[in-house]
Amino acid sequence: MPPRYPTSEEPISAAAPVTADIIAPLPVPSYGASGTFTVIARTRISASPLAVLNTIRDTTTWPKWNTFCPRGVIMGASKSKGKGIRSSTSTRTGVSDIYGEKGKEGYGLGDFGRGGGDESQGWLEQGSEVLVDVFLSGDGLVPGRKRTRAQTIAVTVLERIIDSETEGDGVKRSGYRLAWKTTGWADWQYRSERVMEFVAREEGGTDYTCWETFSGVLGPVVKRIAGSSLCDRFGDYARDVKAFLEGTELNVHVGEAEANTKRRSI
């Protein structure tokens with residue numbers, strides 16, 4: 001069963017349009033429920049789920065908004081690369097090919113977005129392997145700043161969400177899911193996987209949720225040394241993509257108070 005749509009304990013509000021928390025580990029597609037801790041961020045975006053998904057899939061947009069990881073170079077595809085986009089229920093049954101289906105805003109789900117979903121043009125596909133510049137200080141768009149490190153990732157999930165089950169309020173969920181995992185480490189040493197869900201809101205727009213679960217013997221070390229910074233950066237990431245899609249001014253380097261991000265940790 002894939003991860004269910006998680007909720008932060010902190011409500012999204014006009015005063016705090018973004019929440020970012022460190023919580024007990026949530027399940028992820030590749031590693032299940034095992035883990036040391038999870039960083040989760042949530043916001044609401046006045047754009048369609050497909051527009052949000054494709055903004056993140058298109059790495060050529062990252063230098064325009066992504067203060068956390070402003071550069072991603074697609075190195076190729078892993079041997080396990082999938083053949084297409086999956087249509088999934090909450091129990092991963094009824095998976096079917098949705099190539100050729102026409103989406104909103106001129107997006108064709110066969111290519112899943114502008115640019116034909118072409119990896120050579122910077123588009124993330126199922127199985128894409130990407131070298132990412134990470135700025136743990138959140139200053140990736142500030143001229144002259146140096147990256148904290150380079151990290152390789154592999155896209156593990158790119159699928160449509162069509163849930164037959166309903167949440168507590170009885171509303172069915174529909175949208176898209178994108179996930180990637182870090183590579184370059186033995187699983188017992190260090191592993192993490194990030195899941196992003198873009199779920200349509202009944203009144204329009206998107207509920208955006210992003211969580212990453214960290215595991216391995218280095219998991220507790222990462223939490224102790226970098227947990228607070230990761231929480232801040234996940235909040236920034238949600239804030240930044242929201243600002244970019246809503247056409248509001250993007251602050252390339254702001255403090256917690258300016259970002260209006262409510263954060264907590266366990």
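With which residue does Asp240 form a salt bridge? The partner of Asp240 is Arg239, with the closest N and O atoms 2.5 Å apart; a salt bridge is a side-chain nitrogen of Lys or Arg within 4 Å of a carboxyl oxygen of Asp or Glu. The model is predicted, local features requiring pLDDT of at least 70 and side-chain atom pairs pLDDT 80 or more, whereas totals for chains, interfaces and linings use all residues. Residues are numbered from 1 along each chain as its sequence is written, and side-chain values use heavy atoms, without hydrogens and water.

Asp240 is buried, with a relative accessible area of 0%, and Arg239 is buried at 13% (buried, under 20% relative accessible area; exposed, over 50%; partly exposed in between; 1.4 Å probe, protein chains only). The structure holds 15 salt bridges. A network of salt bridges links Arg44, Arg201, Glu203 and Asp207. Glu203 is exposed, with a relative accessible area of 56%, whereas Asp207 is buried, with a value of 16%.

Glu193 lies in strand S9 (strands are DSSP runs of E, at least two residues, numbered from the N terminus). Glu193 is buried yet has no salt bridge. The nearest side chain of opposite charge, Lys181, is 6.6 Å away (Lys and Arg count as positive, Asp and Glu as negative; His and the chain ends are not counted). A polar atom of the Glu193 side chain lies 2.8 Å from the backbone nitrogen of Ser30.

Conventions:
Helices (H or I, at least four residues) and strands (E, at least two) are DSSP runs, numbered from the N terminus. A polar contact is a pair of N or O atoms within 3.5 Å; within protein, one must be able to donate a hydrogen and the other to accept it, and residues adjacent in sequence count only if both atoms are side-chain atoms.
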